[in-house]
Amino acid sequence: MIIPIWTLIISFFLLLPLLIGSIFLGWQKKIKVKHNDSGIQKHCFVGYSWTYFFFGFFVPIFRGEIAIGIFHLIFSLVTFGIFQLIMPFLYNKQYSTRLLNDSWSLDDSNENNEIARQKIGIAVS
């Protein structure tokens, strides 16, 4: 069975942001973080958010950021979906920065912590 050329072209352009994001930001990487006061552990993410690319505003909702998810839904509706194409490049860094500013600290291997510091932009003193 031969796939029509227009199907391949449309598929390519739909997946182009995923390809560009993975090349420039790297694939999404899970980094362990720990809450400074309670000791609870969870994950933050660095790199291109392929989960946001596929699931959109549901990602912040599933990660417990309901208000942010609602804002993302509104922005997506107002921009007719263009916001959905831009946010995968930004969301993981924003989410990780919010966690680290809210009494969480990196708690992974030295290599993963260094990757997170570089991608998030944390200066080591």
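## Starting at Pro17

Setting aside neighbours within four places in sequence, Pro17 is in contact (heavy atoms within 4.5 Å) with Tyr48, Phe53, Leu85 and Phe89. Take Tyr48 as an example: Pro17 and Tyr48 are 31 residues apart in sequence, while their C-alpha atoms are 9.7 Å apart in space. Pro17 belongs to helix H1. Helices here are DSSP runs of H or I with at least four residues, strands are runs of E with at least two, and both are numbered from the N terminus.

Is Pro17 buried or exposed? Pro17 counts as buried because its relative accessibility is 14%; buried means under 20% relative accessible area, exposed means over 50%, and partly exposed lies in between, with a 1.4 Å probe and protein chains only.

## About the model

This is a predicted model, in which local features need pLDDT of at least 70 and side-chain atom pairs count only at pLDDT 80 or more, whereas totals for chains, interfaces and linings use all residues. Residues are numbered from 1 along each chain as its sequence is written, and side-chain values use heavy atoms, with hydrogens and water left out.

## The overall picture

The protein has six helices and three strands, and along the sequence they follow the pattern α-β-β-α-α-α-α-β-α. Its C-alpha trace spans about 55 × 30 × 25 Å along the principal axes. Of its 125 residues, 34% count as buried. Among contacts between residues at least 6 apart in sequence, 59% join residues at least 24 apart.

The accessible surface comes to about 8200 Å², and carbon and sulfur atoms account for 69% of that. These areas come from the Shrake-Rupley method with a 1.4 Å probe, and for residues only the protein chains shown count as cover.

## A pair of strands

Strand E1 (residues 29–35) and strand E2 (residues 41–46) run antiparallel and are joined by six bridges; two strands pair if DSSP finds at least two bridges between them. Within this pairing, Val33 stands opposite Lys42 in E2. The hairpin of E1 and E2 has five residues between the strands, and Gly39 takes a positive phi near 80° there.

## The nonpolar core

Which residues touch the most other members of the largest nonpolar core? They are Val33, Tyr52 and Leu106, in a core of 18 residues. Such a core is a set of buried Ala, Val, Leu, Ile, Met, Phe, Trp, Tyr and Cys residues joined through side-chain atoms within 4.5 Å. At least two residues of this core come from each of E1, E2, H5, strand E3 (104–106) and helix H6 (110–120). H5 supplies the largest share, six residues.

Ser96 lies in helix H5 (residues 82–101) and counts as buried because its relative accessibility is 0%. A polar atom of the Ser96 side chain lies 2.6 Å from the backbone oxygen of Phe45. Beyond its neighbours within four places in sequence, Ser96 is in contact with Cys44, Phe45, Val46 and Ile120.

Ile3 sits in the segment before helix H1 (5–25). With a relative accessible area of 48%, Ile3 is partly exposed. Ile3 and Ile70 are 67 residues apart in sequence and 38 Å apart in space, C-alpha to C-alpha.

Methods. Polar contact = N/O pair within 3.5 Å; in protein donor to acceptor, adjacent residues only side chain to side chain.
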